[in-house]
Amino acid sequence: MRLTQFFVLSLSLVGCTDRAPQNNFEHSLKLIKLWVHGNYNNVSQAEADMASDLPPEQMHRPMHQLFVPMDAPNIEGYIVYQQSAMDGSEAPAMIFRHGLMQYLPDPDSDALLQRELYFKDPEPYKNLHRNPELLNDVTLDDMTWDTGCDFYLRVNDSGDMVSGPLREGECVLFNQGTQQEMYADDRVEITATDYRFHGRYRDADGNIVWGTSSEVLNSMVRQ
């Protein structure tokens, strides 16, 4: 082989390496870092449902959600603080759910895991984004979670959505009202502007005990 041909071939191989696609985990995490932040709500969706002829069981209730990327030195993965408030405010009395979303590679596939961590002592961590230094001493010993409720996220072929389900039948919660177990029927779809999820729970017989019977996901839009 001539020397010039060798250099041309070498440069071609380097170019191919540079253009090699990322694996799905890396691509998913890159997009999550770009997309998941800010205040979201589904008010437009809820208002449209109320103005329609949908039966009540198919209507989506209004939801407000805050996502803030955070540094958590003692917890592995990429961390996002999440907070749900009934009116979208930061009034502590209106906050009914808050915790951390932990993004990790699935050891058994190319998926990105979205795991929800909740504080064992939640009250001091409301509006954590206003006091990020509180996370400096937090470890997994201070949190609770269920690996059965992990979402397995992947980028779609067109690269404009990261989505994935829970594993069927593995996310089980106890319903205090009925004193029975309920099973999550859920998936998420994340785009540059939207965070969509089903958030539906069924009893052992398959009856919906929480969430809407509509197949349309709760569609929260970044404001």
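Colleague: Are Phe-119 and Tyr-125 buried or exposed?

Modeller: Both Phe-119 and Tyr-125 are buried in this predicted model.

Colleague: What makes the pair of Phe-119 and Tyr-125 stacked?

Modeller: Their ring centres are 4.1 Å apart and the planes sit at 5°. Rings pair if their centres lie within 6.5 Å, and planes under 30 degrees apart count as stacked, so this pair is stacked.

Colleague: How many aromatic pairs does the structure hold?

Modeller: Five. Tyr-195 and Phe-197 also pair up, with centres 6.5 Å apart.

Colleague: Why is the pair of Tyr-195 and Phe-197 called tilted?

Modeller: Look at the angle: the planes are at 55°. Stacked needs under 30 degrees and edge-to-face needs over 60, so the pair is tilted.

Colleague: Why does Tyr-195 count as buried?

Modeller: Its relative accessibility is 5%, and the cut-off for buried is under 20%, so Tyr-195 counts as buried.

Colleague: And why does Phe-197 count as buried?

Modeller: Phe-197 comes out at 17% relative accessibility. That's still under 20%, so Phe-197 counts as buried too. Both residues belong to one aromatic cluster, together with Tyr-40 and Phe-67.

Colleague: Which residues touch the most other members of the largest nonpolar core?

Modeller: Ile-32, Val-36, Tyr-103, Leu-153 and Tyr-195, out of 28 residues in that core.

Colleague: What does Ile-32 touch?

Modeller: Leaving aside residues up to four places away in sequence, Ile-32 touches Tyr-78, Tyr-103, Leu-112, Leu-153, Val-162 and Ile-190.

Conventions
Residues numbered from 1 in each chain as written. Predicted model: local features only at pLDDT ≥ 70, side-chain atom pairs only at ≥ 80, totals over all residues. Heavy atoms only, no water. Phe/Tyr/Trp six-rings, centres within 6.5 Å; stacked < 30°, edge-to-face > 60°. Buried < 20%, exposed > 50% of the residue type's maximum accessible area, 1.4 Å probe, protein only. Core = buried A, V, L, I, M, F, W, Y, C linked by side-chain atoms within 4.5 Å. Contact = heavy atoms within 4.5 Å.
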